[in-house]
Structure formats: structure tokens, C-alpha cells
Amino acid sequence: MATERLSRAAVAERALRLGDEGGVEAVTIRRLAQELGVTPMALYWHFKNKDELLAGIVDYALSMVRSDRAPTDPWQLQLRAMAEALVAVMREHPSLPGLMHEVDKTQGESFCQATNAALALLTTAGFDVQEAYWIASYLLNGAIGLVQMQPDCPANVPAAEAPEWRRQKRLALESLPADRFPMMIAFAATYADAPDNDRYYAFGVDLLMAGVEAMAVLHLSRSAKMG
């Protein structure tokens with residue numbers, strides 16, 4: 001097999017594709033070797049075991065996170081761009097949010113680079129490095145949660161069956177006792193149509209960033225009073 005096909009990035013890319021198609025459980029050294037047309041031993045040059053492979057997948061996926069903001073932009077815009085780029089990559093690769101919770105992300109250079117950039121922005125905003133790390137973790141886990149909790153039917157429901165799934169969900173909510181759950185019944189109407197996921201993600205990133213920006217204002221106010 002050509003050397004370039006056995007590069008670490010090529011192996012991780014194919015493993016990521018396997019995860020997206022069949023879930024994380026589908027990613028095994030043996031299955032990956034079959035996909036690449038090599039023996040399992042050939043993959044151990046890059047990843048000694050499955051844990052290293054999963055960490056490699058995350059590192060490869062995060063290497064694709066690119067923001068479109070200039071380094072001279074305000075820290076809020078740069079940080080928002082990072083969050084938006086992360087959400088976009090996870091939307092494209094449905095196996096990634098779960099993997100992000102499973103692996104030690106600090107093993108990968110891509111995560112360390114992104115975290116370092118976020119810490120630099122947040123310390124510029126006036127937070128100390130520990131506070132900045134808390135905020136970076138909040139944004140990371142918030143972005144993961146946004147993707148994992150995307151509205152509409154579960155990922156394992158075929159697209160052709162989605163309208164019926166929504167109908168059943170709406171009927172189930174509408175059957176709740178009206179005197180006890182009037183707002184849940186009102187919410188049932190939202191299942192009449194497919195959700196606007198782009199609006200959902202824009203709202204979610206706004207919500208995450210609003211917390212960070214409000215805390216920055218509060219932090220500056222407290223610092224001014226102490227000064």
C-alpha cells in the first residue's frame with residue numbers, strides 16, 4: 001500500500017468516517033485495517049491501541065477547526081469564531097461529540113493549540129489563567145452539548161421516518177394532562193415541522209457567548225472597585 005495512504009492523518013480520517021457511519025463502537029483496529037487494505041500490525045506504527053486511535057481521531061478532527069477572524073479583531077469575535085468553527089466540525093462529524101468526552105484531549109497537539117489560543121484571548125479580556133481555563137472548558141462542553149442535544153429525531157431514525165417520529169412525539173406531548181402541563185402541550189406544536197437547526201445553533205452560540213461576555217463585564221467592574 002502506498003506510504004501516503006498509511007499516514008497518521010489518513011488513518012485517523014478513515015477512522016473518523018467509520019465512527020460517523022457506524023458509531024464509535026464500529027471503530028476497531030481490525031475493521032480499520034480492512035477498510036485500508038492492510039494488516040492490523042501496519043496500523044500499530046501510528047496507534048498502539050484503540051485508546052490512542054480514538055485520541056488520534058479527535059486530534060485530527062480538531063485540526064480541521066478554522067476560524068475566519070483576524071487576530072486584530074476584538075477578543076469576543078475571535079472567541080465566538082472558535083466556538084462556531086468547533087460546532088461546525090462536530091455537526092459534520094456526529095461521532096466527534098461523544099469522542100470528545102471519552103479521550104484525553106490533551107494528548108493531541110490540536111486541542112492544546114486551540115486551548116492555548118482561547119486562554120490567550122481570555123487573559124486579554126482580563127481573566128486570570130485559571131478563570132480563562134474554566135471559561136474555555138465551559139465553551140467546549142457547551143458546544144458539545146449543543147450538538148448532542150440537537151432538536152428533532154434521534155440520529156438512528158431514518159430521514160424518511162422523521163415526519164412520523166415528529167407526529168408521534170407531538171401526539172404524546174399533547175396527551176399530557178392540560179391542567180398540569182400546559183406549557184409542554186404548547187411546546188408540542190413545535191414538532192409540526194422540522195426544526196430550523198441553523199437557527200438553533202446560532203441561538204446556542206449566542207447563549208454561550210452571552211455568559212462569557214457578561215462575566216467579563218462583571219470581572220472588570222469588580223477589578224475597578226478593588227483598584
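**Helix packing, a pocket and a salt bridge**

Helices α5 and α8 pack at an angle of about 35°, and their axes sit 10 Å apart (axes are lines fitted to C-alpha atoms, for helices over the stretch in contact, and angles run from 0 to 180 degrees between N-to-C directions). The crossing of this pair is right-handed, meaning that the near helix is turned clockwise from the far one by less than a right angle. On the α5 side, the contact (heavy atoms within 4.5 Å) is made by Leu79, Leu86, Val87, Met90 and Arg91. Helix α8 brings in Leu139, Leu140, Ala143, Ile144 and Val147. Sorted by class, that comes to 9 nonpolar, no polar and 1 charged residues.

All this comes from a predicted model, where local features need pLDDT of at least 70, side-chain atom pairs count only at pLDDT 80 or more, and totals for chains, interfaces and linings use all residues. Residues are numbered from 1 along each chain as its sequence is written, and side-chain values use heavy atoms, with hydrogens and water left out.

Zooming out, the protein chain has 11 helices and 0 strands (DSSP runs, H or I of at least four residues for helices and E of at least two for strands, numbered from the N terminus). Its C-alpha atoms fill a box of roughly 60 × 60 × 25 Å along the principal axes.

Next comes the largest pocket, with about 650 Å³ of space. On a 1 Å grid over the protein atoms alone, a pocket is an open set of points where a 1.4 Å probe fits, with protein on both sides within 12 Å along at least five of seven lines; lining residues have an atom within 4 Å of a point. There are 29 lining residues, and Val65, Met82, Ala114, Thr115 and Ala118 lie nearest the centre. Helix α7 gives the largest share, 8 residues.

Finally, the whole structure holds 8 salt bridges (a side-chain nitrogen of Lys or Arg within 4 Å of a carboxyl oxygen of Asp or Glu). One of them joins Glu35 to Arg14, with the closest N and O atoms 3.8 Å apart. Glu35 belongs to helix α2 and Arg14 to helix α1, 21 residues apart.

Notes: Grid points are joined across faces, edges and corners, and a volume is the space filled by probe spheres set on the points. Ala, Val, Leu, Ile, Met, Phe, Trp, Tyr, Cys and Pro count as nonpolar, Asp, Glu, Lys and Arg as charged, and the others, Gly among them, as polar.
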